Amino acid sequence: IFTWNYDGTKPTIQIFSTDLNSGTVSNSSYISITFTSSEEIINFTEDDINKLNCTIDKLVTSDNKNFTCNAYPIEDSDCAINVPEGTFEDAVGNINNESSNIFTWTYDSNGPSGIITSSNVLNNTITNANEVYITFSLSEKSNDFTKDIVQLENCVLKLDSFIYSSE
C-alpha cells in the first residue's frame, strides 16, 4: 500500500506585542514584536514585513512558528507593521494567501507642555480678587493631569470642572 498525506492548508500569521496593544501610544524607543504563524513556515525574513515609520532588527525564532524582533520608530508619528499575502510558505510549499493583521502604534517621544493663564488677573500682578480663574492649557491630552499635581502657594485650588479641548 502506498499512502501519503495531503496538506493544502495555507499558513497564516498574526502580529502582537507584549509591550503594548495595537492602536495605543508609546514613548518607548523600541517595542518587542511577535509574529505567530499557524504552522511552521520557511522563507520568512525581515524583507517580508511592511514597515511604516519604523525599522526592525533581525527576526529570531526557535521553532519556525514564533518569530520575534524589536521595532524602532523613526520619528514621532503613527507606526505600522504587517505581513502581506504571498510572502512565506510552509514546508510543503503552501504560500500564505492572506495578509496578517496590521499592528499599529503612535510614537510620541515628547511630553506635554503647559501654559497657565487667568481670565481675570494678569500674571505677576497684585489683585484684591477673592477668586482667580485659572486655565491650564496642555499641548496634548494627558491621562494623569489632576489638581493634585498643581503646586500652590498661599491659596486653595477649587476645581469646578475639568474640560479637555483639542483646540
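Which residues do ring pairs link into a cluster? I found Phe-35, Phe-44, Phe-67 and Phe-88 joined that way. I keep in mind that this is a predicted model.

Next, the tally. I get six aromatic pairs, counting ring centres that lie within 6.5 Å.

Entry one, the tyrosines. I looked up Tyr-30 and Tyr-72: the ring centres are 5.7 Å apart and the planes sit at 40°, so I log the pair as tilted. Tyr-30 is in the loop between strand E2 (24-26) and strand E3 (31-37), while Tyr-72 belongs to strand E8 (residues 66-73), so this pair ties together parts that are 42 residues apart in sequence. Then I checked accessibility. Tyr-30 comes out partly exposed at 41% relative accessible area, and Tyr-72 is also partly exposed, at 31%.

I traced where the two residues sit: Phe-44 is in the loop between strand E4 (41-42) and strand E5 (50-52), and Phe-67 is in strand E8. They are 23 residues apart, and the pair links distant parts of the chain.

Buried or exposed, for Phe-44? I noted buried, with a relative accessible area of 8%. Phe-67 is buried too, at 3% relative accessibility; the cut-off I used is under 20%.

Key. Residues numbered from 1 in each chain as written. Predicted model: local features only at pLDDT ≥ 70, side-chain atom pairs only at ≥ 80, totals over all residues. Heavy atoms only, no water. Phe/Tyr/Trp six-rings, centres within 6.5 Å; stacked < 30°, edge-to-face > 60°. Helix = DSSP H or I, 4+ residues; strand = E, 2+ residues; numbered from the N terminus. Buried < 20%, exposed > 50% of the residue type's maximum accessible area, 1.4 Å probe, protein only.
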